[in-house]
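Keep the model open as you read.

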Amino acid sequence: MSTKKSVILAFLIALGIIFQLIESFFPVVMIVPGYKIGIANIVGLFALYAYGPKELTIVCMGRIFLAALLQGTLFSVPFVLSLTGGIFSLIAMVIGFRSNVFSIYGVSVLGACFHNIGQVIAITILYQQFFMQLFLPILLALSIVAGLCIALLSTQILKRMKGRFV
Amino acid sequence: MRNRYVMTKADRILIICVMMLSLAMIVLIVLFPSNASSAVVKVKNKEVLRINLAEDGQYEVDGTLGAVHIEVQDGAVRVDQENSPHHYCSKQGFVDSPNTPIVCLPNETVITIEGDQDGEDVQIQ
């Protein structure tokens with residue numbers, strides 16, 4: 001990995017942490033408890049489309065660990081939820097990217113859906129309660145919208161950044 | 001190389017599939033409601049209070065971050081006052097459906113309404 005690339009990846013992680021922290025200050029109108037758009041996934045999509053799956057993994061995992069460290073939730077329940085969602089969406093996005101049939105929109109929607117599915121599974125296992133599954137349909141429907149918005153934003157950013165330093 | 005920034009057919013199929021899936025789940029949940037009669041309050045997954053919804057009243061349980069005030073009115077239950085960063089559960093307001101729990105994760109408190117016919121519930125897998 002060249003120095004330039006590692007610096008850019010570090011910048012992406014830092015940006016992702018800032019998105020995540022700022023987003024947690026402004027909860028979206030509450031339809032489902034804890035629902036967020038996931039603006040931080042912009043950096044993940046950026047890393048995936050500018051570099052590749054390996055860089056997506058670095059940015060995604062780095063963001064989750066460092067953001068948890070900054071929020072003081074490292075290795076606690078919110079961190080486990082975040083990590084499970086992150087790993088699920090990571091795997092879904094890499095598979096969607098590699099399968100070569102989806103565009104950035106499909107990959108983003110896949111990531112958003114599997115993030116929710118992962119979190120619901122984690123909550124079910126951690127709390128041994130099944131009520132969260134009742135939120136899953138609403139979460140899935142909302143994640144389509146969120147995924148499309150994030151993909152649209154990422155496309156615009158990628159187009160503007162092309163040829164500058166990526 | 002194929003343009004990766006233009007929506008493909010597979011994208012549309014995926015989005016429609018997810019929509020169908022969530023609609024099917026919502027229909028399943030709406031089609032099988034059960035009669036509400038009592039509200040169960042759990043703190044840290046242990047049942048601490050069982051409230052009869054036929055009687056109006058106010059109750060209080062000890063959550064992780066302090067007291068959680070619960071109010072029952074006209075067969076519906078709500079969290080009146082509680083201590084948490086975002087107050088999601090008190091903002092949720094009155095709930096009268098067994099399929100809508102009131103969840104206060106910071107207080108580790110969950111209020112669910114249980115049906116009369118031994119909790120006919122929806123399973124989503």
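Where in chain B is N45(B) found? N45(B) sits in the loop between β1 and β2 of chain B, strands here being DSSP runs of E at least two residues long, numbered from the N terminus. Before going further, note that this is a predicted model, where local features need pLDDT of at least 70, side-chain atom pairs count only at pLDDT 80 or more, and totals for chains, interfaces and linings use all residues. Residues are numbered from 1 along each chain as its sequence is written, chains are lettered from A and ligands numbered from 1 in the order in which they are written, and side-chain values use heavy atoms, with hydrogens and water left out.

Most residues other than glycine have a negative phi. N45(B) is not a glycine, yet its phi is positive, at about 65°. K44(B) is another non-glycine with a positive phi, about 50°, and its place is in the loop between β1 (36-43) and β2 (46-52) of chain B. As for accessibility, K44(B) is exposed at 51% relative accessible area, while N45(B) is partly exposed at 38%. (Buried means under 20%, exposed over 50%, partly exposed in between, with a 1.4 Å probe and protein chains only.)

Now the cysteines. A disulfide is counted when two cysteine sulfur atoms lie within 2.5 Å, and that gives 0 disulfides over all chains. C104(B) is buried, at 4% relative accessible area. Over in chain A, C60(A) is buried with 4%.

Note on methods. Helices (H or I, at least four residues) and strands (E, at least two) are DSSP runs, numbered from the N terminus.
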